[in-house]
Structure formats: structure tokens, C-alpha cells
Amino acid sequence: SSGINAECPLRPGFLNKLKMTTIFGGVNVEQYKYDTIEKKEKIEVRKYHQAVQVCVKMNNNEEERKNGSKAFPQLAKYIGVFQTPENKGKVLTDDSEGAPTKIAMTAPVVIAEAQGPPTKIAMTAPVVIAEDSAESYHYMSFILPSQYQKIDECPEPTNPNVWLEELPPKFCGVLPFKGRAHPQEKERSEELLRGLDDAGIKHDGKWRVAQFNPPWCIPMLRYNEIIVDLVDYVEPPQPQE
């Protein structure tokens, strides 16, 4: 599905209509693209497309993990939500500096767990939580719109705390669930990993939680997913027509 045009005028009527839709769980933005390969009861195996995510480190405390109050605004500023984007765009001005470029909001916001410090990939010519081997930390991410496939196609962040990562195509196990993501994510992650183990599907065990709705969405109507990367997954043959 296509996202809301980043250039659309933010008229009060438009915003009111958008908020009324999203308060009841509607998702009116482009989503991380994938193909569903197979289903195992509530669990889906998906192949995600090539993408780029924009990331920011989170404070490692329970309250920040719960609401991302300091991380989310930094990502929103990068794409230009209600202000001049904090990025160097690809359109050159007279001083050869890239003009800030607005980027459409997408879903989900990803929070994940990983090993090692955040890797800032150099710009040449994309809500996630991560764990350092020496000190635990978390990070949050947005998936950029599908028009961005490589880092060198993306506006460069001007906030030193924000970085970009390329996501290659990959197979993942996914468990959708409704309601508040926190603190359900722990129980739901155990359910996903156990279900994959029972199905004989290998995974790396490093789950992440994806949240699709804005804060004003009715809690019981919120849609979330637990996602984990699969290991040595072989796509089953498609039935002959």
C-alpha cells in the first residue's frame, strides 16, 4: 500500500480525518513490504524486501523502552514531521549543500535487540532495540519509504545520534498481536520462538517488536508484531497450477 504523500497540505480538516481513522486502529501510511511465504497457526513466515531504516539510540531504562519519548522525536525530525527535516537532501542548492528533504512517514516503528555498538554507515555519493556486548542499550527505527533501497539514495541525517542501515531481503518469523505492545512483548516473543521451534524452523532468537499505530489509537485496537530473523530457511516449492 502507498503512504501519505509527504507534500500533502496539513490542513486541519485533513488532520482531523486522519486522526479519526487512526484512533480506531487504521494505518494510513506505507508499510515495510513483504511476501507471505507460509503460515503456522498464528505465526507467519515472510520474505521482507530490500529496505533502509533510520535508527536512533534509546536511553536504557524501563520508561524509555515503554514509550520511546526521547527517541521517537529524533526520528520524526529526520523525516520532517511538522518542521524542516533534519537531513541533507539530494537536491543541491547554490552552495552545493543538499536541501532538507521531507520523507513520508511509514509503519511500523521497530524496537529490537542486537549485539555490538550501533554501526554508523558512511553516506556514499534504514520503531529497534539493541544490546552492546559491554553495555546494554536499545535503539528505535523507522523503515523508510520503498523508493529508498540504498543508503546513497537517502538524505543524510544531520543529527549525530541518528544513523542509516541497509536491510537486505530476508526471511522472518512474525507473530501479530493486539493491544499495548508493552509489557506483552516478552510473553509474545516467547510464544513466537516456541512456535518456530515446534515447527522445526531455525531462527537467531533476536526478536524485535514492531508497532503500527500512533499514541492516540485506542489501546485495545493497536496492532503490533514480534519479528525474528530466520536462519537457513528454505522457501517451500510453490504448488503447480
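## Nonpolar cores

The largest nonpolar core has 36 residues, and those with the most contacts inside it are Val54, Tyr78, Leu144 and Leu164. Apart from this core lies another, made of 13 residues, which include Val29, Ala51, Val110 and Leu167. The model described here is a predicted one.

## Overall make-up

The protein has 241 residues, and 43% of them count as buried. Its accessible surface comes to about 13200 Å². Carbon and sulfur atoms account for 52% of that surface. The secondary structure consists of four helices and 13 strands.

## Strand pairing

Strand E10 covers residues 162-167. Five of its six residues are buried, so the strand is largely enclosed by the rest of the structure. Strand E4, residues 51-58, pairs with E10 in the antiparallel sense, and six bridges connect the two. Within this pairing, Val56 stands opposite Val162 of E10. Two residues named above for the cores, Leu164 and Leu167, fall within the range of E10.

Strand E11 (170-178) takes part in two pairings. With E3 (43-48), E11 pairs in the antiparallel sense over five bridges. Here Tyr48 has Lys170 in E11 as its bridge partner. E11 and E13 also run antiparallel, joined by seven bridges. In that pairing, the partner of Lys178 is Tyr223 in E13.

## Aromatic rings

A search of the whole structure finds six aromatic pairs. One of them is formed by Phe72 and Phe142 and is edge-to-face, with 5.4 Å from centre to centre and 65° between the planes. The planes count as edge-to-face because the angle is over 60 degrees.

Tyr32, Tyr34 and Tyr48 are linked into a cluster by ring pairs. Tyr34 also has a charged neighbour: Arg46 lies over the face of its ring, at 4.0 Å from the ring centre. Tyr48, another member of the cluster, is the residue whose bridge partner in E11 is Lys170.

Pro108 is found between strand E6 (106-107) and strand E7 (109-112).

The peptide bond from His182 to Pro183 is cis as well, with omega near 5°. Pro183 lies in the loop between E11 and H4. His182 is also placed in this loop, which runs between strand E11 (170-178) and helix H4 (184-198). His182 counts as buried because its relative accessibility is 18%, and the cut-off for buried is under 20%. The side chain of His182 makes a polar contact with the side chain of Glu185, at 3.2 Å.

## Positive phi angles

Glu41 is not a glycine, yet it has a positive phi of about 60°. Its place is the loop between strand E2 (34-40) and strand E3 (43-48). Is Glu41 buried or exposed? Glu41 is exposed, with a relative accessible area of 82%.

Asp232 likewise has a positive phi, of about 55°, although it is not a glycine. Asp232 is found in the segment after strand E13 (223-229). With a relative accessible area of 66%, Asp232 is exposed, because the cut-off for exposed is over 50%.

At 18% relative accessibility, Asp229 counts as buried. What does the side chain of Asp229 make a polar contact with? The partner is the side chain of Arg208, at 2.7 Å.

Conventions:
Residues numbered from 1 in each chain as written. Predicted model: local features only at pLDDT ≥ 70, side-chain atom pairs only at ≥ 80, totals over all residues. Heavy atoms only, no water. Core = buried A, V, L, I, M, F, W, Y, C linked by side-chain atoms within 4.5 Å. Buried < 20%, exposed > 50% of the residue type's maximum accessible area, 1.4 Å probe, protein only. Phe/Tyr/Trp six-rings, centres within 6.5 Å; stacked < 30°, edge-to-face > 60°. Lys NZ or Arg CZ within 6 Å of the ring centre and 35° of its normal. Areas by Shrake-Rupley, 256 points an atom, 1.4 Å probe, with all protein chains shown as cover. Polar contact = N/O pair within 3.5 Å; in protein donor to acceptor, adjacent residues only side chain to side chain. Pairing = 2+ DSSP bridges.
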